[in-house]
Amino acid sequence: MPRTPLARQIRGLLNRLGETNIEPVTKQMVALFRANSTGRSARCLADTMVEAAGAAAGVVKSLIASSAAMTAGLHIIVGQTAGAAVLERVVRRIQDLAALP
């Protein structure tokens, strides 16, 4: 994924995401989704989440839980389209990775 300004902002937010700051990071992610197209934001977020999960084997459990909570927040605040788009993209990326030899 090219490192667009949106991708860099999303990566920065995901790097800060943890159990103790899900709400403020989610609010900032909502602002990004509202400032950009939902589809583009969802693709960028999903791709970054899959990349981060693959690179951070030691923190996958907490990363997945925090990312899921944030995605649920996006689903509620931004709308079903946002939550569904992120979930669909993550599943497709994982399927693509699983199909690699």
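This is a predicted model: local features need pLDDT of at least 70, side-chain atom pairs count only at pLDDT 80 or more; totals for chains, interfaces and linings use all residues.
Helices (H or I, at least four residues) are taken as DSSP runs and numbered from the N terminus, and the expected span of a helix is 1.5 Å times one less than its number of residues. Residues are numbered from 1 along each chain as its sequence is written, and side-chain values use heavy atoms, with hydrogens and water left out.

Helix α5, which runs over residues 80-99 and has 20 residues, reaches 28 Å from its first C-alpha to its last, close to the 28 Å expected at 1.5 Å a residue. Its buried residues are A82, G83, V86 and V90, where buried means under 20% relative accessible area, exposed over 50%, and partly exposed in between, with a 1.4 Å probe and protein chains only.

Helix α1 can be described in similar terms. Its end C-alpha atoms are 17 Å apart, in agreement with the 16 Å that its 12 residues should span at 1.5 Å a residue. L6, A7, I10, L13 and L14 are buried in α1, and they share one side of this helix because the arc they cover around the axis is only 130 degrees. The exposed residues P5 and N15 are carried by the face of α1 turned away from its buried side.

The largest pocket holds about 290 Å³ of space. On a 1 Å grid over the protein atoms alone, a pocket is an open set of points where a 1.4 Å probe fits, with protein on both sides within 12 Å along at least five of seven lines, and lining residues have an atom within 4 Å of a point. The lining of the largest pocket includes M49, V50 and A53, together with L63, I64, S67, A68 and T71, as well as V86, L87, V90 and I94. Helices α3 (38-55), α4 (60-77) and α5 each supply at least two residues of this lining, to which α4 gives the most, with five residues. The lining divides into 10 nonpolar, two polar and no charged residues, with Ala, Val, Leu, Ile, Met, Phe, Trp, Tyr, Cys and Pro counted as nonpolar, Asp, Glu, Lys and Arg as charged, and the others, Gly among them, as polar.

Individual buried positions were also examined. L17, found in the loop between α1 (5-16) and α2 (22-35), is buried with a relative accessible area of 13%; leaving aside its neighbours within four places in sequence, L17 is in contact (heavy atoms within 4.5 Å) with I22, V25, S66, S67 and M70. T26 lies in helix α2 and counts as buried at 6% relative accessibility, touching M70, G73 and L74 when residues up to four places away in sequence are not counted. A52, in helix α3, is buried with a relative accessible area of 19%.

Notes:
Grid points are joined across faces, edges and corners, and a volume is the space filled by probe spheres set on the points. The arc is that of the directions from the helix axis to the C-beta atoms.
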